[in-house]
Amino acid sequence: MKKSLSVIMSTAMAVTMFSSVALGAAAPKSSADFSDLSSLDAATKAKFDAMISAGIFDGVSDGVFGLNDKMNRAQFAKVAALIFGLKVDTSLRTSSFSDVSAADPANGYALPYIEALKAANLTEGYGEGTYNPAGEVTKEQLAAFLLRGLNKDAQAKATAGLNDSSVSDWAQGYAALAVQLNLLGKQADGTFGGVAPATRDLLVTSSYEAKKQYVPGSHPVVSVLPADDMKAYAITSETQGQIKGILQEKTLDGWRVGAVVKLTNGSGNTIRVPDYELRVKAADGNVYTLQPSANNAKSILPQSDVTLSYMADVNLKSDLNLTDLLWIDVDTKVYPKKETLLADAPIQSNIWRGKDAVITDPSLLGDWGAVFSAPGVTSGLKYSATTLSKQFTGQSPTYIVQVKVQNTGSYAETVPDFTLGGKSDGQLFVGKRVEQNAVSLNPGEQKDIHFAVTTDPGTTLNAFYVLSNESFLKQGQTTPVSFNTGRIGFRLPANGGTGVNAGASTGSYTFGTPMTFDQSSNFINPSLAVSLEELHVTDNEETGNKVGLAKFKLFNNGDKPIPVPVFSAELAGKDGYTYSGNRQTVNAQDIAPGTGIVISYGYTLPSSDTSNQYTLNVQGVLQGQGQEGTYKSTIASYNVSVQSNDTDHNNIALYPFNLNIKSWVLSQMSNQGATGFSYTYKLSLDMDITRDEAVALDNSFSKLKFELIDGTGKSIGSSAFPFTGANRLMSGSQKLTFSNLTDDQIRSNLSLKVYETVSTPTGDVDRFITDLK
């Protein structure tokens, strides 16, 4: 079975019902009404009774439940819609899937339930616009869908697998989490039986558990914005014209009017673009001729189309009310010249007013997550915004919008050139797509793209508009005029975009547990478990500020090496300030199967920050175009409490190590040289070191730093010692030497400060651990 995960998870849709409630039966049934349920134990019967009485299940015939019958995808669609409380329109008679029909005698009943699953974004179908309602469902597919319905898809991907040969590689984490949550159990032989067909008894018991754990309201109906209504107009016997966009933008001298049209060649031959004039007509009867762009195509290939751009400046100080776009054939070979109207297209609903544009039609402005199509493009690619992050370049905020792209068509496609604009009261900020290279998707494939929208300081956005990127090159010039047109948009998330992130999971974090990342994100490999092991904030007396150190473990649960991902981690305090972490220098390129590595992030915080809890935002790093640098997209967000700074030298946590400094003696040595005496200090140290052996270390890992302090509190020297390499710190007795001293005379009454020190590209980060006196 070789399918993309999204297809496999949606393949998990199947089960049975024909409930007595739905069919209007006179009295509710129970397990006692079915002969094949009589042998069940009391606890299992109670689960069956609950699901039967709720109208979710009934028998396959009078007196027979069909306990061991296999289920199909149509059957499960109804059960899933009921247990997850989805809005079902039972009047629907037409499906968005080509193989789902109300006239189907076996599975037609499931049509409204299948559409409810799609509206709730719980299924994308089986591929190529189909749903496969009669298809069987395996046990591992059932596990995947139930977890997806419980909003635990990302958690399943981060869960260590069962290492069970009866489970497909893609489903190991789903099977393991389904067992942990008591949704499904193992077979008598101890295996999960992942590829075995799922039966109705499994469906009832797993649905019962899922219904208990489901949080109502977590699957809102996803709105779908209308695609461009690009009506075709016959221009010649071989060509048809369609309006992609109309621009009417205020200028200092009047108005800039532009039109972008698509011209299609319906013949089997390459033809020239027909000669015509393109004009706009105003409500007052005036007509204005638009000039063609100098880089417009001159010909059209057979059964193909071209996009053509036209523009004119209208020196009119009063308002301009455009009503029609006219294709005019002008015959200049006769006198007087003869004009023939080829097509007249109304355009009042197509006009885009540039930076002053406001979408007022509620059907064209959806909620966050609304599904939309690229403007002016006939395509099987569908888009929906999934996460929103905000970062700052100087004082200017930049919103990073992550958009999920799904190819619902039957052939590979490349994402066309469009962008998003951030709309505030009275202004439109046009953004740019972050991805530098073309993004292509095979049928059924899903990917993420990102848009960066930079606004003025203090700006509050209320929507994002979907914009088509257009250009016009005036005859005789070399630099084109860039402009945008649009028609649809979507609102910001419920938090209004004022938070750091909208879309990634937020909650209280438990140290050492795998993080749940945004389901649409592809920054973190699903087989890689990322956990925060430590977060310390200590005072730095030397610099007068505070130092934070966050330590992440990245563990490979897969069977192949995984490249070390590049992500950033920032801390947001209760006062609203955000602190970016400096990532430790990392030499490792890959993480071997069954092992982990540690990556630390250092923070500089003001001494006035007294927070003991921060919001930790884990962010994927996006490379911007040209000189724009990098952008960040938040993929997980958690509330994290700072760990206590316990200075007990017998129990020092320095993940993956635990240190016990049992005893220490500091001795002094002097040497006579040509320039006088030099002084050296030796530290005799007896220390126990234990470690997590599953974590691999390289020479970039933290070091243990000892700083010599004299009786006045002055630092006279320090040395840092590694945990790796030939001269590494080890359990037992050892001698450490200090030679880089800043004092030229021997001192008594010395003490030691102990730090964990981490090297970053911007310098070392020292986390204070304890005093040795």
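**View 1. Antiparallel pairing of strands S16 and S17.** In this predicted model, strand S16, which spans residues 418-424, pairs with S17 in the antiparallel sense, and four bridges join the two strands. Among the residues brought together here, Gly421 has Val430 of S17 as its bridge partner, while Lys423 is partnered in S17 by Leu428.

**View 2. The hairpin turn between S16 and S17.** The two strands S16 and S17 form a hairpin in which two residues lie between them. Gly426, located in this turn, has a positive phi of about 90 degrees.

**View 3. Antiparallel pairing of strands S16 and S21.** S16 also pairs with strand S21, residues 461-472, where the sense is antiparallel and the pairing extends over seven bridges. Within this pair of strands, Gly422 stands opposite Phe464 of S21.

**View 4. Side-chain directions and burial along S16.** Phe418, Leu420, Gly422 and Ser424 point one way from the strand, whereas Thr419, Gly421 and Lys423 point the other way, and all of them are buried. Because seven of the seven residues of S16 are buried, the strand is largely enclosed by the rest of the structure.

**View 5. The open sheet that contains S16.** Five strands, arranged in the order S12-S22-S21-S16-S17, form an open sheet whose pairing is mixed. The edges of this sheet are strand S12 (365-366) and strand S17 (427-430), each of which pairs on one side only.

Key: Residues numbered from 1 in each chain as written. Predicted model: local features only at pLDDT ≥ 70, side-chain atom pairs only at ≥ 80, totals over all residues. Heavy atoms only, no water. Pairing = 2+ DSSP bridges. Buried < 20%, exposed > 50% of the residue type's maximum accessible area, 1.4 Å probe, protein only.
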